[in-house]
Amino acid sequence: MKQIRIITMLLTAAALSTAALTVSAAQTPTVTVTIVDGEGNLALAQGEIAVTDTDGDGALTIHDALYLAHEAYYAEGTAGYGAAQTDYGLSMTKLWGYENGGGYGYYRNDAAAMSLGDVIADGDRINAFVYTDTATYSDTYCYFDIQTAALTSEDTLTLTLVAAGYDANWNPVTIPVADATILVDGSASAYVTNAEGTVTISLTESGTHIISATSDQQIMVPPCCKVTVAGEVTTASTTTTASGVETGDASPVAALALAGAALTVMVTRRKKS
C-alpha cells in the first residue's frame, strides 16, 4: 500500500510539472517584429521573438515584444529602445536608436495599435516605424496581403500592396498602391504594381528573400514579405532598373496629398506612441 501511495504521489507530481510546463509555454507567445528605422530602411524583417513580461506588469504587450526585439537584434541591445509614461499612457521615446520627439508608429497584424500596452497573442505580427516626416507625419503604413511564402524556383508569387488609411467617418480602409517598385533584398527589380496594387513575381535564386517596395508618389513605410525559395540556384532573381530608382528600402521624399497628410497628423496626435 505504501508503494502504491508513493507511486501515486510521483505520478501526480509529474502531471503537475507537465501542466506547469504547458501553462508556461502558453504564456510565452512567439511573435514576429519588423522595424523600419529613421532613414526609412527595413532594419529588422520579421525577427522572431518569444515574448516574456519584461516590465513585470502581468501582461504580455507590444512594449515587451519591442524591448525583446532590440535585446535580440539591435547592435547595442535594449539601449536602442525607450518608452515612458506620458499623458497618452506608455509612449515610445526611442526606436532602433532613433529619438525624434515622439514620431513613431506601430501596428499589430496590420491594424493600428491603440497603445504600447496592447496585449499580444501567439503568432501576432508587430510592425513599428520611425516617422521620417516629422513635420506633417505623412509616412504611410503599407503592407502586402501575404507576409510569408515558400516557393520553388519554378513558382510565381502574386502579391497585393495596400496602404492603410481612414474614410470620412474615420473607419479604417485600405487603398491599393499602384506603380510601386518591388524591392528584392533591398535592390530594385523590374516588377511594378498595377492599378490594383497587384504584382506577380518569380524568384529563381534559392534561399530566403525579403520582398519590399518603394514609391516616388508617397512616403511609404516599407512593407515586408519573407519568401523562402527551395531548389537549385539558376539565374539572378531580379533585374536592377535604370538609375534614379531607389535601390534600398529608404522612402522617397515626395509627400502625400495634403488631405491625407492632415488626416495622418490627426491620427498620430490622437494615438501618439
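Predicted model: local features only at pLDDT ≥ 70, side-chain atom pairs only at ≥ 80, totals over all residues.
Residues are numbered from 1 along each chain as its sequence is written, and side-chain values use heavy atoms, with hydrogens and water left out.

**Figure 1. Overview of the protein.** The protein contains three helices and 17 strands; helices (H or I, at least four residues) and strands (E, at least two) are DSSP runs, numbered from the N terminus. Of its 273 residues, 42% count as buried, where buried means under 20% relative accessible area, exposed over 50%, and partly exposed in between (1.4 Å probe, protein chains only). Among contacts with a separation of 6 or more, 58% are between residues 24 or more positions apart; contact means heavy atoms within 4.5 Å.

Figure 2. A search of the whole structure finds two cavities of 30 Å³ or more. On a 1 Å grid over the protein atoms alone, a cavity is a set of points where a 1.4 Å probe fits but cannot get out, and lining residues have an atom within 4 Å of a point. Grid points are joined across faces, edges and corners, and a volume is the space filled by probe spheres set on the points. The largest cavity holds about 90 Å³ of space. It is lined by 13 residues, of which Gln46, Arg125, Asn127, Gln147 and Cys224 are the closest to its centre. Strands S1 (30-36), S7 (125-130) and S8 (140-144) are the elements that give two or more residues to this lining, and S8 contributes the largest share, four residues. By class, the lining has six nonpolar, five polar and two charged residues. Here Ala, Val, Leu, Ile, Met, Phe, Trp, Tyr, Cys and Pro count as nonpolar, Asp, Glu, Lys and Arg as charged, and the others, Gly among them, as polar.

**Figure 3. The second largest cavity.** Among the residues lining this cavity are Thr34, Asn127, Phe129, Tyr141 and Pro222. S1, S7 and S8 each supply at least two residues of the lining. Nine of the lining residues are nonpolar and two are polar, with no charged residues.

**Figure 4. The five-stranded sheet.** Five strands form an open sheet in the order S2-S1-S7-S5-S6, with mixed pairing; two strands pair if DSSP finds at least two bridges between them. Strands S2 (42-50) and S6 (111-112) are the edge strands, each pairing on one side only. Helix H2 (residues 62-73) packs on the sheet and touches S1, S2, strand S5 (104-108) and S7, and its direction makes about 110 degrees with that of S2. Axes are lines fitted to C-alpha atoms, for helices over the stretch in contact, and angles run from 0 to 180 degrees between N-to-C directions. S1 and S7 pair in the parallel sense over five bridges, and Thr34 stands opposite Asn127 in S7.

**Figure 5. Two glycine residues.** Gly101 is found in the loop between strand S4 (89-94) and S5, and is exposed, with a relative accessible area of 66%. Gly207 lies in strand S15 (residues 207-214) and counts as partly exposed at 27% relative accessibility. Leaving aside neighbours within four places in sequence, Gly207 is in contact with Val227, Thr228 and Val229. The C-alpha atoms of Gly207 and Val229 are separated by 5.2 Å.

Note on methods. 1 Å grid on protein atoms, 1.4 Å probe; cavity = no way out; pocket = protein on both sides within 12 Å on 5 of 7 lines; lining within 4 Å.
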